[in-house]
Amino acid sequence: MFQNIVKKIKKNQFLFEELVKRDFKKKYKRTVLGMMWSLISPLMQLLVMSIVFTNFFGRDKPHYTIYLFAGNLTYAFFKDSTTGGMNSLMQNAGIITKINLPKYMFLLSKNVASVINYVLTLLIFFIFAFFDGIEFHFNFLLLVYPVICLIIFNIGCGFILSALFVIFKDIQYLYDIFTLMLMYLSAIFYYTDTYSPQAQRLFYLNPLYTYITYFRRIVIDGIIPSWKVHVLCLLYAVLALGIGALIYKKYNYKFMYYM
Amino acid sequence: MKKIELNNVSVSYIVGDFSNIGLKDVIIQKIKGTYTQKEFLALNDINFAIEEGELLGIIGTNGAGKSTLCKVISGIMRPTKGTMAVRGNIASLLELGTGFDGDLTVKENTFLRGAMLGYTREFMNQTYESIIEFAELKEFEDRKFSHLSSGMKSRLAFSIACLVKPEILILDEVLSVGDGAFRRKSEQKMLEIIGSGATTLLVSHSLEQIRRMATKVLWLDKGKQVDFGATEEICDKYEAFLKKK
């Protein structure tokens with residue numbers, strides 16, 4: 001099935017490129033500031049959070065700003081990518097109901113813009129880390145693993161959400177509430193070590209927390225996470241993508257009724 | 001060889017209010033047991049077959065299921081019941097304006113739309129100049145698409161679409177667009193494509209056009225197949241039916 005998708009993308013490569021261009025241009029409105037803004041906005045958030053929370057949580061912890069940034073960065077990417085993904089089918093409803101095209105192309109092209117944005121933010125993150133006196137070592141290369149898992153996870157969630165959004169138009173608002181809750185549960189600005197070991201384990205049920213933790217272990221603590229974390233990262237990604245792909249396969253032609 | 005063959009094809013839409021009421025209410029209604037889904041037969045038991053090179057005219061009043069039929073044959077929708085065989089690559093021009101984006105320039109839109117119609121990049125690079133020339137929009141190519149007048153938009157849309165070289169061509173009310181001069185030009189161009197041997201499905205409200213071009217006619221009414229066969233005979237019947245109405 002995956003091979004099939006790759007083959008189809010090849011066949012539709014021209015369309016895919018044009019869609020990516022369109023989404024990119026629309027996102028940034030062709031302005032330098034547009035592009036800057038999507039970088040400034042997470043930095044502003046970071047600034048506010050570090051002003052507010054450093055006094056509460058960051059007093060006796062090293063590199064609290066980086067700790068915050070790692071969490072915020074991951075969460076912002078997840079939210080950007082999945083919200084974009086959720087809208088991808090409905091925004092292109094006019095096209096989908098008139099031309100026979102693979103529907104996932106619209107979601108994937110949306111995600112390309114999100115990923116580019118994420119990678120740029122990541123660069124800023126490393127610049128911050130550098131100035132914060134964090135030592136760079138070869139282990140940092142391992143970060144490619146959670147990044148790829150996260151991208152796949154986001155695409156999978158996008159599939160699921162976009163399908164739901166076709167049928168239930170109020171998902172948009174429910175999802176906003178959900179992501180807000182998720183943010184508080186992802187230990188973005190607080191530490192989990194004050195919880196009991198059992199409670200700490202529960203945090204790993206949250207995929208975002210798992211990805212964030214991977215980042216923090218490598219960058220701040222300088223240690224490679226256990227194999228369990230590795231498995232979880234992959235598991236969440238594969239699960240999300242699997243469920244999403246199944247829904248698309250099953251409801252591919254049914255979406256049409258609701259558009 | 002039969003190019004398109006439909007056997008007992010039915011399509012039912014799910015109509016219900018749940019796309020309006022949202023997830024919360026669906027859950028509540030499911031709990032209360034008042035949740036219902038209705039089905040609506042957009043196409044009911046359609047049977048026909050056409051040979052290579054034929055031009056099938058599809059007629060019927062609004063809501064007869066003509067567009068749904070086009071969607072089914074283009075592969076956008078699947079029949080709920082029945083079987084269907086479509087042999088050959090399809091170009092379906094259901095709505096010429098589909099896929100354009102107001103924020104992009106005319107040139108960017110041309111490439112985007114071309115990509116959606118399945119052209120390759122090389123092909124678009126080669127033909128772009130002639131497209132823009134045919135649409136008479138050379139001086140507008142770097143303008144935003146939303147700044148064009150609606151006539152200009154449809155001229156561009158048509159100019160991109162008419163480059164197709166399909167085996168099966170599906171035209172839903174798109175035969176002639178634009179103002180007088182362009183209208184003639186566009187119809188000429190379409191006739192060329194049809195004349196090159198493509199099997200064509202033509203949806204049109206212009207009976208005169210159907211009589212002139214179609215080799216066979218399918219008459220639909222409220223999703224049902226009223227008649228299928230020779231052009232003159234069915235067009236006469238349809239005309240009588242319209243008069244009675």
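Predicted model: local features only at pLDDT ≥ 70, side-chain atom pairs only at ≥ 80, totals over all residues.
Residues are numbered from 1 along each chain as its sequence is written, and chains are lettered from A and ligands numbered from 1 in the order in which they are written.

Back to B:E136: this residue has a positive phi of about 55 degrees, although it is not a glycine. Its place is in the loop between helix 4 (121-134) and helix 5 (150-161) of chain B. Helices (H or I, at least four residues) and strands (E, at least two) are DSSP runs here, numbered from the N terminus. B:K222 also isn't a glycine, and has a positive phi of about 50 degrees. That residue is found in the loop between strand 8 (216-221) and strand 9 (224-230) of chain B. B:K222 has 13 other C-beta atoms within 10 Å, so it is partly exposed.

Now for chain B as a whole. Eight helices and nine strands make up its count of elements, and along its principal axes the C-alpha trace spans about 60 × 50 × 35 Å. Of its 245 residues, 38% count as buried. Two residues are in contact if their C-beta atoms, placed from the backbone, lie within 7 Å. Take the contacts in chain B with a separation of 6 or more: 74% of them are accounted for by residues 24 or more positions apart.

Helix 8 (residues 231-244) of chain B is the place of B:C235. B:C235 counts as partly exposed because it has 19 C-beta neighbours inside 10 Å. Leaving out residues up to four places away in sequence, B:C235 touches B:L207, B:I210, B:R211 and B:V217. B:V217 is 18 residues from B:C235 along the chain, and their C-alpha atoms are separated by 7.8 Å.

What about the inside? A nonpolar core is a set of buried Ala, Val, Leu, Ile, Met, Phe, Trp, Tyr and Cys residues joined through C-beta atoms within 7 Å. The largest one has 124 residues, and those with the most contacts inside it are B:I58 and B:I170. Helix 4 (residues 64-91) of chain A brings the largest share of this core, 13 residues. Not counting residues up to four places away in sequence, B:I170 touches B:C70, B:I73, B:S74, B:I90, B:S92, B:L93 and B:L201.

The two chains also meet: 24 residues of chain B are in contact with 23 residues of chain A. On the side of chain B that touches chain A, strand 1 (2-15), helix 1 (18-32) and helix 3 (106-116) of chain B each supply at least two residues. Sorted by class, this side has eleven nonpolar, seven polar and six charged residues. Ala, Val, Leu, Ile, Met, Phe, Trp, Tyr, Cys and Pro count as nonpolar, Asp, Glu, Lys and Arg as charged, and the others, Gly among them, as polar.

In chain A, two helix pairs are worth a look. Helix 6 (residues 104-131) and helix 7 (residues 144-167) of chain A pack at an angle of about 135 degrees, with their axes 11 Å apart. Axes are lines fitted to C-alpha atoms, for helices over the stretch in contact, and angles run from 0 to 180 degrees between N-to-C directions. Helix 6 and helix 7 of chain A are therefore oblique to each other, given that angles under 35 degrees count as roughly parallel, over 145 as roughly antiparallel, 65 to 115 as roughly perpendicular and the rest as oblique. In this contact, A:L107, A:N111 and A:V115 in helix 6 meet A:I151, A:N154, A:I155, A:G158, A:F159 and A:S162 in helix 7. These residues divide into five nonpolar, four polar and no charged.

The other pair is helix 3 and helix 6 of chain A, whose axes come within 10 Å and cross at roughly 50 degrees. These two helices are therefore oblique as well. Here A:S38, A:L39 and A:P42 in helix 3 meet A:N117, A:L120, A:T121 and A:I124 in helix 6. By class, the contact has four nonpolar, three polar and no charged residues.

Note on methods:
Buried ≥ 20, exposed ≤ 12 C-beta atoms within 10 Å, placed from the backbone.
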